[in-house]
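User: I have a structure open on my screen and would like to talk through it with you. Can we go through it piece by piece?

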Amino acid sequence: MLMSAFRVLIVESDANEAAELLHLIQSWKYTDAAGGMQPAAVQVVADTNQALETYEEFPPSLVIFGPVAAASVDGSEIRLLRQSGGIEPVPILFVQDLSSHQALPDPPVDCDDILTKPYSPPLVQLKLASIRRFCEFNRSLMAQRDRLRRHHADFLQEQANAREIFDNLGNESCLDDTPAIRYHLSPRAVLNGDLLAATYTPDGKLVLMLGDFSGHGLAAAVGAVPLTSIFYSMMPRGFSMSRVLREMNRKLHGILPRQMFCCLVMLELDPRRNHLRILNAGMPSPCLKRTSGELHLLESRHLPFGVLSSDQIDTAISNVRVLPGDRLFLWSDGIHEARNSDGEHFGECRLMDLLRADGDADQAFAQILMAVNAHAA
């Protein structure tokens with residue numbers, strides 16, 4: 001026989017009082033999940049020690065202290081009962097006898113509610129129904145909490161798997177081996193659709209790509225896989241920057257859902273000729289800071305990749321003369337869109353002010369990170 005979903009534990013040492021409470025509660029029926037009417041399961045014990053012993057085999061949905069037991073129990077015993085109930089709260093009711101000529105003590109702060117005697121069966125049944133609804137609501141909350149925990153664990157596992165995939169795809173990356181590159185990737189970057197890749201061409205040119213897929217989550221991360229694969233398979237084999245970019249746009253247009261696209265900036269630096277070729281397709285404008293302190297923004301001249309099957313790669317690539325000491329700063333929209341507690345974005349103006357400030361470029365990099373983190377904190 002299945003145990004009733006609603007279980008009441010009565011704590012009362014007086015046999016007559018316990019019998020009266022038992023009869024009162026057993027006369028109440030509730031509607032179960034199948035729509036049928038059934039009585040609550042009730043168990044009677046004499047004191048708190050016996051109540052604690054029965055918790056494992058009879059976990060109660062409600063504990064009622066009869067008038068005699070309620071007058072003698074102390075706060076430490078109530079706390080033990082609550083701890084034995086685990087994380088799911090169990091309401092505790094005290095019975096107060098209003099027919100007694102003695103002065104009634106104040107209800108203990110450790111109880112959740114009181115029942116008054118002489119009992120009014122309709123009022124008692126209303127209170128039991130209300131408590132049962134509370135228990136069902138709490139059980140639903142606990143189930144939702146457990147589901148959220150499972151979803152969060154799955155999300156963390158997705159992040160770890162996605163990061164491992166990108167680490168494996170980036171075996172040919174020179175990001176960590178090139179002194180000319182300094183970068184910072186947020187731990188959330190992979191599942192936010194951000195990607196960063198760098199490699200050398202056979203003739204010694206440094207090629208770097210920064211991308212940002214629309215949307216978030218696994219779909220954005222998966223979209224970055226073919227882009228990274230094309231980059232690391234074609235660039236080290238000597239394909240031209242234009243050819244690689246066309247292949248990326250063609251591939252993304254063929255596989256991405258229509259609501260998704262990829263903003264991207266790719267640069268090719270020839271250190272022997274002091275020449276920079278750069279294409280910006282929808283990304284925030286990279287900033288070239290000259291040794292003189294002059295700032296030159298390289299604005300987007302191409303639609304994000306994956307939007308159109310056709311492209312204008314050749315006309316959208318900018319050619320820039322660079323000199324020793326020049327620094328190029330690139331960033332995704334996570335910098336602009338970092339918000340403080342008032343919802344205010346960090347914005348481009350603050351970023352430009354930091355870049356205009358005098359000082360070493362390495363210091364500017366660190367100052368930008370500190371300023372964004374302080375703003376978002």
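**Glutamate 17 and beyond**

User: Let's begin with one side chain: what does glutamate 17 touch, leaving out residues up to four places away in sequence?

Analyst: With those sequence neighbours left out, glutamate 17 touches Glu12, Pro67, Lys117 and Tyr119. Please keep in mind that this is a predicted model.

User: Where is glutamate 17 found, and is it buried or exposed?

Analyst: Glutamate 17 is found in helix α1, and it counts as buried because its relative accessibility is 13%, where the cut-off for buried is under 20%.

User: How far is its C-alpha atom from that of alanine 69?

Analyst: The C-alpha atoms of glutamate 17 and alanine 69 are separated by 9.9 Å, although the two residues are 52 residues apart along the chain.

User: You mentioned Lys117; what is the peptide bond from lysine 117 to proline 118 like, cis or trans?

Analyst: That bond is cis, with omega near 10 degrees, and proline 118 is found in the loop between β7 and α5, the helix of residues 121-169. As background, most peptide bonds are trans.

User: OK, on to the sheet. What is the strand order?

Analyst: It is an open sheet of 5 strands in the order β4-β1-β5-β6-β7, with parallel pairing. The edge strands, each pairing on one side only, are β4 (41-45) and β7 (113-117), and the twist from one strand to the next averages 25 degrees.

User: And which helices pack on it?

Analyst: Helix α1 (residues 15-26) packs on the sheet, where it touches β1 (7-11), β4, β5 (62-65), β6 and β7, and its direction makes about 170 degrees with that of β4. Helix α4 (residues 75-84) also packs on the sheet, touching β5 and β6, with its direction at about 145 degrees to that of β6.

User: How many bridges are there between β6 and β7?

Analyst: Strand β6 (residues 92-97) pairs with β7 in the parallel sense over 5 bridges, and the bridge partner of valine 95 in β7 is leucine 115.

User: Changing topic: which residues have the most contacts inside the largest nonpolar core?

Analyst: The largest nonpolar core has 29 residues, and those with the most contacts inside it are Phe213, Leu245, Met248, Leu264, Met266 and Leu279. At least two residues of this core come from each of β8 (194-200), β9 (206-213), α6 (218-234), α7 (241-255), β10 (262-270), β11 (275-281) and α8 (313-316), and α6 gives the most, with 7 residues. Leucine 245, not counting residues up to four places away in sequence, touches Leu264, Met266, Leu279, Phe305, Ile313 and Ile317. Apart from this core lies another one, of 20 residues, among them Phe6, Tyr30, Ala40 and Leu62.

User: Which residues of α7 are buried, and why are they on the same side?

Analyst: In α7, the buried residues are Met241, Ser242, Val244, Leu245, Met248, Asn249 and Leu252. They are on the same side of α7 because they cover an arc of only 165 degrees around the axis. The buried residues of α7 pack against β9, α6, β10, β11 and α8.

User: Last one: what is the phi of asparagine 274?

Analyst: Asparagine 274 has a positive phi of about 50 degrees although it is not a glycine. Its place is in the loop between β10 and β11, and asparagine 274 counts as partly exposed because its relative accessibility is 23%.

Technical notes. Residues numbered from 1 in each chain as written. Predicted model: local features only at pLDDT ≥ 70, side-chain atom pairs only at ≥ 80, totals over all residues. Heavy atoms only, no water. Pairing = 2+ DSSP bridges. Helix = DSSP H or I, 4+ residues; strand = E, 2+ residues; numbered from the N terminus. Axes fitted to C-alpha atoms, helices over the stretch in contact; angles between N-to-C directions. Contact = heavy atoms within 4.5 Å. Core = buried A, V, L, I, M, F, W, Y, C linked by side-chain atoms within 4.5 Å. Buried < 20%, exposed > 50% of the residue type's maximum accessible area, 1.4 Å probe, protein only. Arc of directions from axis to C-beta.
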